[in-house]
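Please find below a short note for a reader who is new to protein structure.

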Amino acid sequence: IELQSNIYFNGGGGSWILSSDITTSKDIYLSGGLFNSNSKEVNASVFYSVTRNSRGIEMGSSTFNVTRWFFSSNSDEFGNTAGNINVPDPNLYFNSGTSLIEIKGNSGATANVAIMGYGLTYYNINVDVNPSSLSIEPVIGLTGCTVNQLKLQNSIKILNYLPCLISNSIEFFLNKRYTLTGTIEIEALADLKAIGNCDGMIAIKGGNFIKTTGAPIVVDYCIIENNTVTPTMFTANNSLRINSNTWNQGTIPIARTLHFKASTTNALWSEPSNWYDTYSNDIFSNSSGATSCIPGPFDDVVFHDNSFDQLQTPRLEILTDNAYCRNMTWEDPNLQQYPFPEVKGTSTNGQSNNQTLNIYGSLTLPDVNQINWTYPATTNFRSHNNSPINRTLKTNGHELKDNVNIDLNSGNTLTLISDLRVKPAVYVGTISLNSGTFDISSKEMTAYIFESSSSNEP
């Protein structure tokens with residue numbers, strides 16, 4: 001039986017023991033008394049327990065399937081201060097047993113999808129939340145808690161004022177973006193699993209990882225930015241480190257030039273078989289021993305006049321959250337397909353956008369009468385050690401959608417070759433100069449906002 005109403009457990013000194021699975025399309029509130037799930041399955045929209053009443057939960061080996069999890073362990077946890085966040089609630093009993101909490105769905109009207117509670121110990125947590133039409137980035141609060149196994153299957157922000165302890169593993173997934181605030185401490189027998197590949201990288205930004213004993217951590221195909229770790233204990237293979245020099249640099253990624261050729265049915269950026277490392281006499285091929293890969297931040301990408309000729313509806317679909325390349329060039333000035341190839345992304349419905357195009361070199365688009373650029377991504381111009389010091393932006397009459405961010409290393413310059421127009425797809429349409437030099441070169445810029453408020457050196 002599926003209930004269609006909220007369920008309230010609120011009785012000081014009382015207790016409830018499930019004798020069967022329980023399901024409601026609404027929310028469950030634990031406000032007082034002891035709730036024993038008795039290893040049964042619990043299905044609800046949101047599980048709330050945020051009061052200071054005498055309350056407890058016995059989870060056994062239950063699976064909790066929810067879209068949100070809010071469990072406070074002190075009175076300040078949902079307030080605006082963090083000063084007393086490490087004072088646990090003396091009226092709370094909490095035993096997670098060997099349970100699994102599955103948090104899935106859309107992030108909803110607010111960014112917070114979970115607050116796990118200071119000082120609480122969880123067994124397994126799996127989070128797979130998509131940004132909804134009303135939010136920017138889902139957030140999980142892990143302040144001061146302990147988790148046996150934590151899987152974060154979608155892009156998310158991790159917020160913890162005090163260190164979170166991982167006793168088995170924390171896992172990040174391919175083509176996803178993780179923003180950390182605070183420290184994650186990994187126990188001696190635990191692991192950080194962040195294994196990308198040439199089909200997609202993992203972005204990790206901010207925060208700290210600590211591991212002092214046990215087997216060293218090795219990640220692969222990651223973009224690691226403004227993150228610090230315990231020296232000598234963390235190695236990044238085939239990865240890009242940005243202001244993250246406490247990581248050991250392992251295998252150096254190989255820079256490639258990749259040429260796009262859509263198949264008769266597939267025009268995806270994220271499809272490895274659409275990319276080739278050799279183009280000669282209008283023929284796309286791979287050199288001996290080469291593996292088809294999608295572009296990463298070290299790779300140049302090139303589009304030709306026959307990149308789309310097998311498609312009935314010519315198009316390039318960039319549907320991944322984060323697309324990367326060094327230089328992007330539409331090489332042939334005589335691209336004469338009709339209808340014009342459309343460069344498109346995930347539909348935003350005019351409400352949300354979680355897509356980014358990250359360019360570590362130059363962007364050169366063809367004439368406005370040769371392609372139709374509708375890709376609704378924020379475009380980030382960035383730097384790494386193998387980036388050109390001087391790079392260019394030539395839009396040739398196309399409008400870039402949403403926002404343009406310029407984050408270059410000191411001494412690097414982005415020069416406009418043509419006028420620049422930034423049109424909102426969802427947000428207001430902003431050009432932000434955060435670091436490096438932006439040479440407008442007497443060209444015209446059109447945007448809702450131009451801002452440069454960073455303290456970084458030019």
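1. Rings of Phe, Tyr and Trp, the last taken by its six-membered ring, are counted as a pair if their centres lie within 6.5 Å. By this rule, the count in this predicted model comes to 28 aromatic pairs.

2. One of these pairs joins Phe260 and Phe308, with 5.8 Å from centre to centre and 40 degrees between the planes, and is classed as tilted. Distant parts of the chain are linked by this pair: Phe260 belongs to strand β29 (residues 257-260), whereas Phe308, 48 residues apart, sits in the loop between β33 (300-303) and β34 (315-317).

3. Trp373 counts as buried at 5% relative accessibility, and Tyr375 is buried at 1%.

4. A single aromatic cluster includes Phe9, Trp16, Phe35 and Tyr122.

5. An open sheet contains 6 strands in the order β35-β38-β41-β44-β47-β50, paired in parallel. Strands β35 (322-325) and β50 (449-451) each have a single partner, so one side of each lacks a neighbour in the sheet. Within the sheet, β38 (residues 356-359) and β41 (residues 378-382) pair over 4 bridges, and Asn358 stands opposite Asn380 in β41.

6. The second largest pocket has a volume of about 310 Å³. Its lining comprises 24 residues, with Cys198, Tyr221, Ile254, Arg256 and Asp299 nearest the centre. By class, 13 are nonpolar, 8 polar and 3 charged.

Technical notes: Residues are numbered from 1 along each chain as its sequence is written. This is a predicted model: local features need pLDDT of at least 70, side-chain atom pairs count only at pLDDT 80 or more; totals for chains, interfaces and linings use all residues. Side-chain values use heavy atoms; hydrogens and water are left out. Two strands pair if DSSP finds at least two bridges between them. Helices (H or I, at least four residues) and strands (E, at least two) are DSSP runs, numbered from the N terminus. On a 1 Å grid over the protein atoms alone, a cavity is a set of points where a 1.4 Å probe fits but cannot get out, and a pocket is an open set with protein on both sides within 12 Å along at least five of seven lines; lining residues have an atom within 4 Å of a point. Grid points are joined across faces, edges and corners, and a volume is the space filled by probe spheres set on the points. Ala, Val, Leu, Ile, Met, Phe, Trp, Tyr, Cys and Pro count as nonpolar, Asp, Glu, Lys and Arg as charged, and the others, Gly among them, as polar. Rings of Phe, Tyr and Trp (its six-membered ring) pair if their centres lie within 6.5 Å; planes under 30 degrees apart count as stacked, over 60 as edge-to-face and the rest as tilted. Buried means under 20% relative accessible area, exposed over 50%, partly exposed in between (1.4 Å probe, protein chains only).
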